[in-house]
Each structure stands twice: as C-alpha cells, then as structure tokens.
Amino acid sequence: MTSRAAAFGALLPAVLLMTSCHRPSAATDYDVVIEWKMAPAVPLVDRESVGEFTLLDRSRRPLPGATLQVEGRMQHPGMAPLIEPAREHGPGVYVTRLTFTMAGAWDLSVTGSLRDGQRLRRRVGGLLVGSQE
Ligand SMILES: [Cu+2]
C-alpha cells in the first residue's frame, strides 16, 4: 500500500462520520408532523404544480420559521433530483413550486432545519406525474 492510499484509508472513516452527523437521528424529528397536499393532485410533466404543507409539533401546534426545501426523486439511475425551496405563507404553512421533468413515479421529501436548528428529513410520499396528452 502506498502512503497516499494509507492516508486515504485513514481519512475515509472520518468523512463517513461527518456525513452521518448531518443525518438526523430517529429522535430529532420524531415529533414533527407534516400534512402535505399537492395541486393538482396529479401533476403534469413540465407544468408547474404547487405543493403546500403544514408543519406541526406533536401537540399539533404550527412550527413557523423553518428553513425547508422539497426534494423530488425518481427511482432510476441517472436522474437528477428536483430540489426547490419552500417559502412560509402563514405560521407553519409552507409552499413550494415544482415542475416535474419526467412522467412517472416520484418520491417526495421535505428537508431542512426547524427554527431551533433541529434537522429535518421526512418523506412525504409517492406521487405519480402524468404526461401531457
Ligand atoms: Cu426519471
């Protein structure tokens, strides 16, 4: 093993550790509820659709002041994720505008941080995007 390879080998666990620090543990966002709706319910490819969601705590109080984005992903290789910011339109109510680039099955997640800095990554569900005919 060359010294460079040895150095890389020593570095790798540290990099993995740093990456895992950014992932929330199960406890951090356990109490957060997201109520998600999409208009239209079946979005069309290459047309803008609007996702709106309410962020609530365990007692169903709204959680304002979060910094959030919505990520859309398809389950096949070579497809870049769709990532759009969500803006707060009312206390705990966030809106994002999504233009899906391919028809088919997408998976949506809300990611970011709450006002107190707590990290959030929550899958909000699957979605079928229709083709324009
Ligand atoms: Cu795709």
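## Overall make-up and confidence

Of the 133 residues of the protein chain, 14% count as buried, where a residue is buried if 20 or more other C-beta atoms lie within 10 Å of its own, exposed if 12 or fewer, and partly exposed in between, with C-beta atoms placed from the backbone. The model is a predicted one, in which local features need pLDDT of at least 70 and side-chain atom pairs count only at pLDDT 80 or more, while totals for chains, interfaces and linings use all residues. Residues are numbered from 1 along each chain as its sequence is written.

The mean pLDDT (the predictor's confidence in each residue, from 0 to 100) of the protein chain is 84, and 77% of its residues reach 70 or more. Over residues 11-27, however, pLDDT stays under 50, and the model has 4 contacts beyond four places in sequence for that stretch; two residues are in contact if their C-beta atoms, placed from the backbone, lie within 7 Å. Where pLDDT is low, the predicted coordinates should not be read in detail.

## Secondary structure and the sheet

The protein chain has 1 helix and 7 strands, and along the sequence these follow the pattern α-β-β-β-β-β-β-β; helices (H or I, at least four residues) and strands (E, at least two) are DSSP runs, numbered from the N terminus. Contacts between residues 24 or more positions apart make up 58% of the contacts in the protein chain with a separation of 6 or more.

An open sheet of 7 strands has the order β1-β2-β5-β4-β3-β6-β7, with antiparallel pairing, two strands being paired if DSSP finds at least two bridges between them. Its edge strands are β1 (33-39) and β7, each of which pairs on one side only. Neighbouring strands of this sheet are turned by 25 degrees against each other on average, direction ignored, with axes taken as lines fitted to C-alpha atoms, for helices over the stretch in contact, and angles running from 0 to 180 degrees between N-to-C directions.

Strand β3 is joined to the antiparallel strand β4 (residues 82-90) by 5 bridges, and E71 stands opposite I83 in β4. With β6, strand β3 pairs in the antiparallel sense over 8 bridges. The antiparallel pairing of β6 and β7 extends over 10 bridges, with A105 opposite L128 in β7. In the hairpin of β6 and β7, which has 5 residues between the strands, G117 takes a positive phi near 90 degrees.

W106 is the bridge partner in β6 of M74. Its contacts, leaving aside neighbours within four places in sequence, are with G72, R73, M74, F100, L127 and V129.

## Loops and backbone details

The loop between β1 and β2 contains P40, and the peptide bond from A39 to P40 is cis, with omega near -5 degrees. D46 is found in the loop between β1 and β2 and has a positive phi of about 65 degrees although it is not a glycine; D46 counts as partly exposed because it has 13 C-beta neighbours inside 10 Å. In the loop between β2 and β3 lies R60, which likewise has a positive phi of about 65 degrees although it is not a glycine, and R60 is exposed, with 10 other C-beta atoms within 10 Å.

G130, in the segment after β7, is 85 residues from V45 in sequence and 6.1 Å from V45 in space, C-alpha to C-alpha.
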